[in-house]
Amino acid sequence: MEPDMKDKINYAIKKWELDHLEVIYEHPANGVFSAESKNFGPVILKINQHKSQLESEYQMLARLSGHYSCKVYAFDESAGLLLEERIFPGTVLRRETSLEKRIRAFLQVFREIHMPADSGTTYLNWLEQICEYCVSHQVEEDMASRAHLFCSEMFEKYPDRVLLHGDLHHDNLLLRTDGSYAMIDPKGVVGPAIMDLPRFIVNEPDTAHVCPDRQHIEEVIRLLGEQSGYPAADIRKLFYMETVLENIWCLEDGEEMNRQELELADSLVSHEGFC
């Protein structure tokens with residue numbers, strides 16, 4: 001454990017009277033820990049040197065006040081510390097074997113968490129950033145440009161501007177004891193509500209299904225379109241956009257792109273005649 005991380009943990013333990021601290025995830029720059037708080041009960045402690053990320057998460061959770069989300073208890077901006085509710089039993093949505101139930105649970109949260117937002121980092125900013133990266137490194141420029149085009153289209157077509165989760169997938173939706181699901185780890189990015197649909201689809205190939213991935217994704221898009229009211233054609237474009245965004249981020253981190261994922265996403269928009 002890095003010395004700075006140790007200092008921050010000790011500071012948090014004293015500040016919020018924490019016991020039974022256990023590591024969930026740890027990296028020199030950030031970490032996630034479970035603990036017991038004298039004042040709040042079971043908690044999750046987050047430490048992040050990128051304080052703006054914690055700030056965005058705190059702002060969204062504070063506004064939701066536990067409404068289909070984990071509660072947020074405290075935020076120490078100067079130290080880069082965030083204290084949140086630990087959800088029980090905390091089973092991730094990925095464990096649900098029924099596609100219909102997964103979509104129902106996802107959309108229940110999706111419909112409840114979006115609040116109007118006037119300013120902040122937007123989804124379009126994210127796409128602009130990956131385009132800049134691809135141009136400067138001379139990689140995948142056409143792919144990034146197409147993803148940016150689809151994102152721009154959605155911003156023009158849908159005028160609503162809300163606080164988005166930005167990473168609303170199966171492992172960020174946890175089961176409560178009452179049978180409902182609550183979201184965790186929001187990014188607090190701004191855009192039309194529809195922008196929170198594609199991350200769920202991108203993670204669907206990792207769930208239990210018996211048909212080929214393409215057939216499964218087509219069914220997911222069909223069901224999401226029918227139940228959300230958004231056109232399937234728009235959802236397909238966003239699935240492509242999100243797949244490209246995820247893979248360019250992998251490139252930035254020095255990892256390999258998943259060509260199979262990208263080919264699947266491309267096929268779903270190309271066969272509709274999109275360019």
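**A hairpin and its sheet**

Modeller: Start at the hairpin of S4 and S5, where four residues lie between the strands and Gly80 takes a positive phi near 70°. Keep in mind that this is a predicted model.

Now look at the two strands themselves. S4 covers residues 72-76, and S5 covers residues 81-85. They pair in the antiparallel sense, over four bridges. Asp76 has Leu81 of S5 as its bridge partner. Ala74 stands opposite Leu83 in S5.

Next, step back to the sheet. Five strands make up an open sheet, and their order is S1-S2-S3-S5-S4. The pairing is antiparallel. Where does that leave S1 and S4? S1 (18-26) and S4 stand at the edges. Each has a single partner strand, so one side of each lacks a neighbour in the sheet. On average, neighbouring strands of this sheet are turned by 20° against each other, direction ignored.

Is S4, then, largely enclosed or left open by the rest of the structure? Four of its five residues are buried, so S4 is largely enclosed. Buried here means under 20% relative accessible area.

A helix belongs in this picture too. H2 (residues 51-64) lies across S3 (41-48), S4 and S5. Its direction is at about 150° to S4.

To sum up, S4 is an edge strand of the sheet, it pairs with S5, and H2 lies across both.

How values were computed
Residues are numbered from 1 along each chain as its sequence is written. This is a predicted model: local features need pLDDT of at least 70, side-chain atom pairs count only at pLDDT 80 or more; totals for chains, interfaces and linings use all residues. Side-chain values use heavy atoms; hydrogens and water are left out. Buried means under 20% relative accessible area, exposed over 50%, partly exposed in between (1.4 Å probe, protein chains only). Two strands pair if DSSP finds at least two bridges between them. Axes are lines fitted to C-alpha atoms, for helices over the stretch in contact, and angles run from 0 to 180 degrees between N-to-C directions. Contact means heavy atoms within 4.5 Å.
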